[in-house]
Amino acid sequence: MEKRKFFKGKNVVVTGAAGVLCSCFAKEFARQECNVSLLGRTYSKVKALEDELTSQGYSAFAAECDVTDTESVKKAKKAVNEKFGRCDILVNGAGGNHPNGNTSKDIFEPGDIENKDVTSFFDLDPKNFDFVFKLNLTGTVIPTQIFLEDMLNNPGANILNISSMSAYSPMTRVSAYSAAKAGVSNITQWLGVHFAKEGIRVNAVAPGFFLTEQNKNLMKNPDGSFTERARKVIYKTPMDRFGEPEELLGGMLWLCNSDEAKFVTGITVPIDGGFTAYSGV
């Protein structure tokens, strides 16, 4: 990607930085000459990414962080501030699903409740709903509360959240995840309005379908072939394929660039190969 002068020297914080998509984001911010703080629950994973980036001459710093724990995020912020100073751009990338928050079938059918081989809606444990909501929605709110303090009186500071195709139209089976990501899109709008007069922009991207650690068991069979669900995704995607992580970077850089997108706030941009535009017929 072409380098933008806006990003040079900016301090960027990426939560969930070890994931397939957010590690790609972090690498591009580093290439744009930002100081990139890599936050994640598993320190060894974000530390490995730090080592990769610093070995290439980039400015990166890893910190352990559980985005659902206020004290953990405060501790990470303290470490980030000591290393690089105040946060200019926050990417709320931490998120995911819990398999026990999914039904095993797309549509409920008579006999599902009695069938021990089927996980129906009635079998879902509210604790797993809570887990998914905390990870995706609360895990967006807490880092925003804590790092946004650095953005007050900080021209150009902004936040990027990560939504989902499920926020537009809930996908079958993943009820908790779909509802949580709808919440992420909604809180993006709320925050965009709430902080508009402070000059702090808040936006989101909604990735289409990419093959990640989170969805690989849903999209691929053990032999590497596509599952029926994956084939449905491809059918509904006019570009007739899964996306590549690098194809999110243009949207990310535009939304986070307060020179280019200075009048843009409270929106969620789908980057989906036409998935949301296609009715299926």
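Let me begin with a definition: the bend at a residue is the angle between two fitted axes, one through the seven residues ending there and one through the seven starting there. Helices here are DSSP runs of H or I with at least four residues, strands are runs of E with at least two, and both are numbered from the N terminus. With that in hand, helix α4, residues 126-147, shows a kink of about 40 degrees, centred on Thr138.

Before going on, a word on the source. This is a predicted model, in which local features need pLDDT of at least 70 and side-chain atom pairs count only at pLDDT 80 or more, while totals for chains, interfaces and linings use all residues. Residues are numbered from 1 along each chain as its sequence is written, and side-chain values use heavy atoms, with hydrogens and water left out.

Staying with α4, its 22 residues reach 30 Å from the first C-alpha to the last, close to the 32 Å expected at 1.5 Å a residue, where the expected span is 1.5 Å times one less than the number of residues. I call a residue buried under 20% relative accessible area, exposed over 50%, and partly exposed in between, using a 1.4 Å probe and protein chains only. The buried residues of α4 include Asn128, Asn136, Thr140 and Pro143, and its buried residues pack against β1, β2, α3, β4, β5 and α5. At the start of the helix, a side-chain oxygen of Asp125 comes to within 2.9 Å of the backbone nitrogen of Lys127. Such a polar contact is a pair of N or O atoms within 3.5 Å; within protein, one must be able to donate a hydrogen and the other to accept it, and residues adjacent in sequence count only if both atoms are side-chain atoms.

Pro143 brings us to Thr15, since Thr15 touches Pro143, along with Cys22, Leu90 and Gly93 among others, leaving out residues up to four places away in sequence; contact means heavy atoms within 4.5 Å. Thr15 is found in strand β1 and is buried, with a relative accessible area of 1%. A polar atom of its side chain lies 2.9 Å from the backbone nitrogen of Gly93.

Now the core. A nonpolar core is a set of buried Ala, Val, Leu, Ile, Met, Phe, Trp, Tyr and Cys residues joined through side-chain atoms within 4.5 Å. The largest one has 35 residues, and those that touch the most other members are Phe7, Val14, Phe25, Phe29, Val36, Leu38 and Val91. Elements giving two or more residues to this core include β1, α1, α2 and α8, and α1 gives the most, with 7 residues.

Which residues of α2 are buried? They are Val46, Leu49, Glu50 and Leu53. Seen down the axis of α2, these fall within an arc of 105 degrees, so they line one face of the helix, the arc being that of the directions from the helix axis to the C-beta atoms. Ser44 and Ser55, on the other side, are exposed, whereas the cover over the buried residues includes α1, β2 and β3.

Finally, backbone angles. Most residues other than glycine have a negative phi. Arg173, in the loop between β5 and α5, has a positive phi near 75 degrees and is partly exposed at 28% relative accessible area. Asp240 has a positive phi of about 65 degrees, and at 54% relative accessibility it counts as exposed.
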